[in-house]
Amino acid sequence: MTTTAVRREAVRTPAVPKPPRRGRRLGWERRRAGVLMLAPAVIHLAWWIGIPTIASVVLAFTHYDVLAGTISWAGLGNLRDIFADPIWIRSIWHTVIYTFFTVPVAMAIAVVIAVLLNTNLRGRAWYRAAYFLPHITATVAIALVWMWMFEPTIGLFNAVLDQAGIRGPAWLSDPHWAMPAVIVVSVWKGIGLKMLIYLAALQSIPPELYEAASVDGANARRSFFAITLPMLRPATFFVFVVSLIDSFQVFEQVYVLTPDGGPANATTVMTLEIYRSAFGKFDMSRACAQSLVLFVFLLVLTAISRRLTGRDRDADF
């Protein structure tokens with residue numbers, strides 16, 4: 001067949017019909033289905049979180065009388081008032097102290113426990129469940145048990161100290177020991193979730209890294225600092241941010257263990273002071289201003305922690 005015949009044959013070949021528009025229609029149906037499935041969650045988020053958040057920010061700059069139902073513009077007056085209140089300043093300081101001792105201590109203990117429970121330990125499933133159990137137990141129930149343990153006359157801690165010849169303090173009634181007691185309870189309760197996250201991260205580390213390190217002569221301690229900790233950076237960033245937010249929002253154990261902020265406001269934290277303003281004094285504007293300050297604290301601390309540890313996290317991903 002000559003070249004001319006081939007060209008004529010190609011010209012006579014009918015054009016390939018365009019595919020039907022079913023694919024485009026199917027894509028639209030999938031997008032519509034996705035929107036319908038997301039709609040309940042989006043509506044819930046907007047109604048119960050978005051609108052109250054916006055209302056709290058607006059009320060922080062007003063004088064809102066709940067009982068009379070009146071509202072007037074206050075500007076920065078509420079913020080000036082709360083920062084002139086020594087109890088609010090003390091609550092900020094107590095929250096920082098609580099966070100400083102609770103977060104790193106619980107994270108360090110959780111890493112050690114996760115490494116131990118990641119080995120071929122007999123009955124490790126029971127140990128994992130036992131360490132995680134406090135996290136899913138009601139905080140009020142845990143606080144009541146610890147109140148008995150801290151009781152100065154018949155409590156477990158003072159009974160043990162008595163056996164050693166040491167006179168134990170009135171833990172929850174002493175201004176010097178009330179906050180350390182709350183910190184101990186919070187550390188004990190928060191280990192379980194952190195341990196579980198670290199345990200999941202440990203199981204994702206390739207075992208070939210440890211085998212290569214063993215061939216090179218690295219012992220268990222060297223492998224922990226050279227392989228385990230660097231590979232746990234993404235999990236550490238996540239645990240740190242979540243623990244930071246959770247510690248600044250501590251309320252239940254403080255409220256149950258030391259009602260009304262403990263002796264001489266020794267355990268008054270920011271959330272407890274917000275609760276007092278809102279439901280004790282019915283000063284919603286003041287409570288909203290305090291909540292705004294707490295939100296700014298969390299936003300700044302999260303940004304700082306991301307700047308310090310997020311670079312390694314992004315590099316790992």
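Let's start with the second largest pocket, which holds about 320 Å³ of space in this predicted model. By pocket I mean an open set of points on a 1 Å grid over the protein atoms alone, where a 1.4 Å probe fits, with protein on both sides within 12 Å along at least five of seven lines. The volume is the space filled by probe spheres set on those points, joined across faces, edges and corners.

Lining residues have an atom within 4 Å of a point. There are 13 here, and T53, S291, L294, F295 and L298 are the closest to the centre. Helices α2 (22-59) and α14 (284-316) each give at least two residues to this lining, and α14 gives the most, eight. Helices here are DSSP runs of H or I, at least four residues, numbered from the N terminus. By class, the lining has eight nonpolar, five polar and no charged residues. Asp, Glu, Lys and Arg count as charged; Ala, Val, Leu, Ile, Met, Phe, Trp, Tyr, Cys and Pro as nonpolar; the others, Gly among them, as polar.

A quick word on ground rules. Residues are numbered from 1 along each chain as its sequence is written, and side-chain values use heavy atoms, without hydrogens and water. As the model is predicted, local features need pLDDT of at least 70 and side-chain atom pairs 80 or more, while totals for chains, interfaces and linings use all residues.

Now, the largest pocket: about 430 Å³. Of its 24 lining residues, H135, K189, G190, K194 and D246 are the closest to the centre. Which helix supplies the largest share of that lining? It's α8, with seven residues. This lining has eleven nonpolar, nine polar and four charged residues.

α4 also gives two or more residues to the largest pocket, and has a partner worth a look. The axes of α4 (residues 86-117) and α13 (residues 270-280) come within 8 Å and cross at roughly 145°. Those axes are lines fitted to C-alpha atoms over the stretch in contact, with angles from 0 to 180 degrees between N-to-C directions. I87, W88, S91, I92 and T95 of α4 meet M270, E273, I274 and R276 of α13, where contact means heavy atoms within 4.5 Å.

Last, the aromatics. There are 15 pairs in the whole structure, counting Phe, Tyr and Trp rings (six-membered for Trp) with centres within 6.5 Å. F224 and F225 have ring centres 5.2 Å apart and planes at 85°, so they are edge-to-face (over 60 degrees).

Technical notes
Phe/Tyr/Trp six-rings, centres within 6.5 Å; stacked < 30°, edge-to-face > 60°.
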